[in-house]
Amino acid sequence: MKFAKHHEFYTFEPGKMYMPTKNCPDDLKKAIDEYNSYTFPDQYKKSKARKHG
């Protein structure tokens with residue numbers, strides 16, 4: 001997790017997906033997105049469906 005050291009750029013609750021903050025750089029957002037899609041596939045699909053649904 002290359003974003004793990006950058007606590008200022010995301011929020012996290014145990015058992016939930018990592019959420020990038022507004023000032024999170026695009027490359028870290030992409031890494032967080034990728035991590036979420038592998039680690040939390042069900043939550044990830046639901047969150048994408050809500051955003052684009």
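Author: The questions below concern charged pairs and aromatic pairs in this predicted model.

Reader: How many salt bridges does the model hold?

Author: In general, side chains of opposite charge can pair when their charged atoms come close. The cut-off applied here is a nitrogen-to-oxygen distance within 4 Å. By this rule, the number of salt bridges is 2.

Reader: Which residue meets K16 in a salt bridge, and at what distance?

Author: K16 is partly exposed, with a relative accessibility of 45%. The salt bridge joins K16 to E13, and the distance from N to O is 3.7 Å.

Reader: How many residues apart in sequence are D33 and K48?

Author: The side chains of D33 and K48 form a salt bridge, 3.5 Å from N to O. D33 belongs to helix α1 (residues 26-39) and K48 to helix α2 (residues 41-52), so the bridge ties together parts whose separation in sequence is 15 residues.

Reader: Is the aromatic pair of F3 and Y10 stacked or edge-to-face?

Author: The whole structure contains 6 aromatic pairs. In the pair of F3 and Y10, the ring centres are 5.5 Å apart and the planes meet at 85 degrees. Planes over 60 degrees apart count as edge-to-face, so this pair is edge-to-face.

Reader: Is Y18 buried or exposed?

Author: Y18 forms an edge-to-face pair with Y10, with 5.2 Å between the centres and 65 degrees between the planes. The relative accessible area of Y18 is 9%, and a value under 20% counts as buried. Y18 is therefore buried.

How values were computed. Residues are numbered from 1 along each chain as its sequence is written. This is a predicted model: local features need pLDDT of at least 70, side-chain atom pairs count only at pLDDT 80 or more; totals for chains, interfaces and linings use all residues. Side-chain values use heavy atoms; hydrogens and water are left out. Buried means under 20% relative accessible area, exposed over 50%, partly exposed in between (1.4 Å probe, protein chains only). Helices (H or I, at least four residues) and strands (E, at least two) are DSSP runs, numbered from the N terminus. Rings of Phe, Tyr and Trp (its six-membered ring) pair if their centres lie within 6.5 Å; planes under 30 degrees apart count as stacked, over 60 as edge-to-face and the rest as tilted.
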